[in-house]
Amino acid sequence: MTTGAIAFLERYQSLIGRLPGDSALRAAAAAAFRTAGLPGGTQQRRIEAWKYTSLRPVAETAFKPDAAPRHEAETILTGLPLLDAPRLVFVDGAFRPDLSVMPTAGFARFAEQPDFGTLSWPDREPMVALNTMLAEDGAALHVPAGYDAGVVQLISIAASDADFHPRHVIRLGKGSQLTLVEVSAGQGTYLLNTVAEFHIADGAHLTHIRLQDEAASAFHISTTYADVEAGATYDSFTLNLGAQLSRTEVHAQLTGAGAIAHLNAAQLLAGSQHADFTSVVGHTAPGCTSRQTVKNVLAGRSRGVFQGRIEVARDAQKTDGYQMNQALLLSPYAEVDSKPELEIFADDVKCSHGATVGELDAEQMFYLRSRGIPDAEARSILVRAFLAEALDAVADDTIRFRLEAAVERWWERQKA
Amino acid sequence: MLDIRGLAASINDKPILKGIDLTVPEGEVHAIMGPNGSGKSTLGYVLSGREDYEVTAGTVTFNDVDLLGMAPEDRAAAGVFLAFQAPIELPGVNNANFLRTALNAIRRAHGESELDAVQFLKLARAETKRLAMPDDMLKRNVNVGFSGGEKKRNEVLQMAILRPKLAILDETDSGLDIDALKIVADGVNALRGPKFSALVITHHQRLLDHLVPNRVHVLAGGRIVRTGGPELAKELEKSGYAGLIAEAA
Ligand SMILES: Nc1ncnc2c1ncn2[C@@H]1O[C@H](COP(=O)(O)OP(=O)(O)OP(=O)(O)O)[C@@H](O)[C@H]1O
Ligand SMILES: [Mg+2]
């Protein structure tokens, strides 16, 4: 069976004419993907943006897009920490109206009304090229100006050993609000390669919470583009717990005066898990604020990667940018790579960044144990304390409790 | 009964305790005094199982079990409690949760049922009230932003809730105002009984006025150089350690 970039390109060839939407765009993406290949895959030139993460294991896996599902999507769905709110459920990349609870308005299916958006760069990002080439379904959500859409859940369930390339476009009209809770989970060895873009118009507020709890052998690649206009807010928090390999890539552009972006994340890794959080925040308008704290908890032989770049354009005076990467190593074999970068062309800015790496504090451990708390429980208390600051960024109590419960389950899994 | 025989311990290959013999019978309170750097805190740490100290000789038994072979949490379950000279801050850890986790761990070790949040809060509020501590100390993160005296009181609160059989108080009186000192002493006196013993490390006679010890030991240079009754503390207050150390050498 063919694997790697070739397999994806062959699939594309076989699907030409049957895929929805702009075929010229897909052809261009295929050409870009043919040139770039899978980062770290066989034919490769080195790509700086993929310095610490190789998709070789993806390239070596034979995905079976036509095989019957091996797992029950309904069972997986029932096990998720769902909120009492509308939900858009995708199973193996395809929208499932029967499992979904429709939001009041503004939803369209990519399969029926293909919308590739305008922010993505298939020619620069190979995995975006791959998605653009093969995307078959996804969600388009439009929140009208001035409307508060409340919470909408976007759920991805994988039940087959295949590859999925969902394509989402979310538009928030002026002064509107939305809390988007994205949960991804599944069973088996699959690739979820999502591309999502968010247009947040003047004064709108998007809260974006992500819980990545994929199967242990899964691959999870997610590329997000956000365009944040004047006085608008993109407030995001990502919790990465699952997948053998994950990459969360975010491109946030602050394009209107006074725009705000929060790109917070926590990654808990064990065994031989690898998780990469890569972000680029572009300040192109004056008086914008960006805040980012990414925390890694690394056990076993896991590896956490953080690459964060803040770019401040010449006109983006009074920019306020902050970026912090903290890692807690629970094992001598765990590894963290951290690359924070500032690129500043304006002169009146306040930007800072930093990175820390540490182990559990021996005195704190002894203090807890001297009070009768067993070693494993003491470790879990200190790890949760380390994460508390990150999770505190999630303002909604109900959602934060779900995330805390997910961390709790992760911890239980480590003990088992 | 706590029985320490020939206990020697070092840190980073530097010998600190050089042969300690000390017996604290059940129901007794013993004071340990001695110059700075003589090894008093080290003794407390070694008894409660801190791993960076290496025990190079000697034995410690507590109610007939070998303490030195036990993990710190097992010693706590067996009833050992150390009130730290410098209590540790735990940012991100809620004080009430911390105390409940500790109490429930010990209860579990004894085969007792765990307390739920409501049951625990009732108990904890009663104790904070008795120790004249503001309730909000339970809501705050463990020792974070606590004043020196508040940290010491928080140690006493932990002791009151965990109800140890052997309390080692390492300068719990230092940094306390006069009223707090009395409260701490009352906290220990409240636990006093035939099954409770305490090692009280202090530099001041004042605590011992409220907490009359059965014996007073002087630790100097890693050894007990003198043992006496409560009057020894008063004598040291006047004469200092110099004469004693010269005499022992
Ligand atoms: N990590 C360490 N490395 C080297 N020496 C140490 C270390 N920790 C403690 N010591 C030394 O051990 C000795 C005993 O310290 P300890 O804290 O037990 O004294 P103490 O009697 O409690 O003094 P104090 O009255 O000032 O509290 C001191 O000389 C101290 O410097
Ligand atoms: Mg000391």
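1. Five salt bridges are counted between chain A and chain B. Bear in mind that this is a predicted model. One of the pairs is R371(A) with E155(B), where the closest N and O atoms sit 2.7 Å apart.

2. Polar contacts also cross the interface. The rule finds 11 such residue pairs between chain A and chain B, with both residues at pLDDT 80 or more.

3. Which elements give two or more residues to the chain A side? They are α6 (362-370) and α7 (375-391) of chain A. Helix α6(A) supplies the largest share, seven residues. By type, the chain A side divides into nine nonpolar, three polar and five charged residues.

4. Now the extent of the interface. On chain A, 17 residues are in contact with 32 residues of chain B. The buried area between the two chains is about 1900 Å². Carbon and sulfur atoms give 64% of that area. In chain A, the residues that lose the most area to chain B are F366(A), Y367(A) and R371(A). Together they make up 42% of what that side buries. R371(A) is also the salt-bridge partner of E155(B).

5. A separate point concerns helix α3 of chain B, residues 95-109. Its 15 residues reach 21 Å from first C-alpha to last, close to the 21 Å expected at 1.5 Å a residue. Buried residues in α3(B) include F98(B), L99(B), L103(B) and I106(B). N95(B), T101(B) and N104(B) are also among the buried ones.

6. Check both ends of α3(B). N94(B) caps the N-terminal end, with a side-chain oxygen 3.0 Å from the backbone nitrogen of A96(B). After the helix comes G111(B), whose phi is positive, near 70°.

Notes:
Residues numbered from 1 in each chain as written. Chains lettered and ligands numbered in written order. Heavy atoms only, no water. Contact = heavy atoms within 4.5 Å. Buried area = accessible area lost by both parts, 1.4 Å probe. Salt bridge = Lys/Arg side-chain N within 4 Å of Asp/Glu carboxyl O. Polar contact = N/O pair within 3.5 Å; in protein donor to acceptor, adjacent residues only side chain to side chain. Helix = DSSP H or I, 4+ residues; strand = E, 2+ residues; numbered from the N terminus. Nonpolar A, V, L, I, M, F, W, Y, C, P; charged D, E, K, R; others polar. Expected span 1.5 Å × (residues − 1). Buried < 20%, exposed > 50% of the residue type's maximum accessible area, 1.4 Å probe, protein only.
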